[in-house]
Amino acid sequence: MKITASVFVLLFVFSGFAQSQSPTSEGKPILGVADLVLRSDEVAKLSDEAWAGSGEAALKLSVYYANVKVDFDGSSYWTLIAGENGNAVAQYNAWAELSDSRSSADDKRRAVFWLRKSAVQGDSDAIRELRELERSQGE
């Protein structure tokens with residue numbers, strides 16, 4: 001029961017974070033709580049869209065795999081696809097994942113690549129983190 005409650009809290013917190021961090025379409029968040037649970041046909045459709053170049057579809061799959069399937073390898077996979085497809089939020093998330101203290105030096109270098117890509121697209125969190133990184137390296 002404690003694990004179920006923890007997962008629910010994590011899901012609730014992450015869904016709010018995802019909404020605040022996600023890009024918008026016509027002023028509406030692309031990701032929301034309803035987007036976390038997907039039917040198998042929706043997963044297949046999003047997968048096809050992601051492979052065709054949709055960063056939004058790949059990001060939705062990343063969130064789904066992280067929070068519903070609790071498959072972090074699957075989530076990382078789709079995060080990178082979303083980043084490659086130009087999604088600034090996914091690029092920022094790739095930076096966050098690869099810059100983990102347990103990451104290799106190569107992963108950390110690649111993390112900065114993703115942070116820069118996200119910042120160039122105007123992601124405010126990425127811009128802030130990049131400035132902080134550049135400041136700390138300049139010291």
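Which residue lies over the face of F113? It is R110, placed 3.8 Å from the ring centre; a charge counts as over a ring if NZ of Lys or CZ of Arg is within 6 Å of the ring centre and within 35 degrees of the ring normal.

Colleagues, this is a predicted model, in which local features need pLDDT of at least 70, side-chain atom pairs count only at pLDDT 80 or more, and totals for chains, interfaces and linings use all residues. Residues are numbered from 1 along each chain as its sequence is written, and side-chain values use heavy atoms, with hydrogens and water left out.

I turn to the aromatic rings. The search of the whole structure finds 6 aromatic pairs; rings of Phe, Tyr and Trp (its six-membered ring) pair if their centres lie within 6.5 Å, and planes under 30 degrees apart count as stacked, over 60 as edge-to-face and the rest as tilted. Among them is the edge-to-face pair of Y77 and W78, with 5.1 Å between centres and 85° between planes. Y77 is partly exposed at 40% relative accessible area, whereas W78 is buried at 8%; buried means under 20%, exposed over 50%, partly exposed in between (1.4 Å probe, protein chains only). F113 and W114 also form an edge-to-face pair, at 5.0 Å centre to centre and 75° between the planes. Here F113 is partly exposed at 32% relative accessibility, and W114 is buried at 4%.

Finally, ring pairs join W51, Y77 and W78 into a cluster. To return to the opening, F113 has R110 over the face of its ring and W114 as an aromatic partner.
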